[in-house]
Amino acid sequence: MNAIAELAAHPDRSLLIVEDDKPFLERLARAMETRGFAVTSCDSVAEGLTQIAKAAPAFAVVDLRLGDGNGIDLVSALKRKRPDARAIILTGYGNIATAVTAVKLGAVDYLSKPADADDVVSALLALGNQKSEPPSNPMSADRVRWEHIQRIYEMCNRNVSETARRLNMHRRTLQRILAKRAPR
């Protein structure tokens, strides 16, 4: 059964996305809406807690590290308010300890950024404690590198010199990478 058909079987398609990377948040929100979710998005722990208190969603996609706190706090608040909610943690800073903590506090999965919208849907809709299938067409290592560089570039307000310094990369090398199209 495909993901859209599985989602159609759910009476409540509400999804909360909490992510502080604005471009990624907007792309993911659009992608999830086209897949049938009723998306509410926000960019901080405080805003996420307010949304959960107002109306706890059936699904949540939460960044681990947010500007004002930890996304795991949102997962535990959601599980207290709505025990049947399905939440996943997204992060660019994955490690085993935080993955274990996130799952113990109620997350159904833990995905590394950048995550494809289909992978997010699969993780949200995986039955019971079953893990989602590994992606059949994962991003190439070049694409993951390119996405990471783009994220840091945006975080540095599109300042090439600052981005190069933070990535420990020569400025001219970074300029050449930024001038190219995204790899497949």
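**View 1. Asparagine 159 caps the N-terminal end of helix α8.** One of its side-chain oxygens sits 3.0 Å from the backbone nitrogen of serine 161. That counts as a polar contact, meaning a pair of N or O atoms within 3.5 Å; within protein, one has to be able to donate a hydrogen and the other to accept it, and residues adjacent in sequence count only if both atoms are side-chain atoms. Just past α8, asparagine 168 takes a positive phi of about 55°. A note for every view: this is a predicted model, where local features need pLDDT of at least 70 and side-chain atom pairs count only at pLDDT 80 or more, while totals for chains, interfaces and linings use all residues. Residues are numbered from 1 along each chain as its sequence is written, and side-chain values use heavy atoms, with hydrogens and water left out.

**View 2. Helix α8 (residues 160–167) buries Val160, Thr163, Ala164 and Leu167.** Looking down the helix axis, these buried residues fall within an arc of 100° (taken from the directions from the axis to the C-beta atoms), so they line one face of α8. Buried here is under 20% relative accessible area, exposed is over 50%, and partly exposed is in between (1.4 Å probe, protein chains only). Arg165 and Arg166 are exposed on the face turned away from the buried side. The buried residues pack against α7 (141–155) and α9 (171–179), with contact meaning heavy atoms within 4.5 Å. Helices (H or I, at least four residues) and strands (E, at least two) are DSSP runs, numbered from the N terminus.

**View 3. Phenylalanine 37 and phenylalanine 59 make an edge-to-face aromatic pair.** Their ring centres are 5.4 Å apart, with 90° between the planes. Rings of Phe, Tyr and Trp (its six-membered ring) pair if their centres lie within 6.5 Å; planes under 30 degrees apart are stacked, over 60 edge-to-face, and the rest tilted. Phenylalanine 37 is in the loop between α2 (22–34) and β2 (38–42), and phenylalanine 59 is in strand β3 (residues 59–63), 22 residues apart. Both phenylalanine 37 and phenylalanine 59 are buried.

View 4. Leaving aside residues up to four places away in sequence, valine 120 touches Leu28, Met32, Val61, Ile88, Leu90, Leu111 and Ala115.

**View 5. Aspartate 21 is in the loop between β1 and α2.** Aspartate 21 counts as buried because its relative accessibility is 16%. Its C-alpha atom is 8.9 Å from that of leucine 66, 45 residues apart along the chain.
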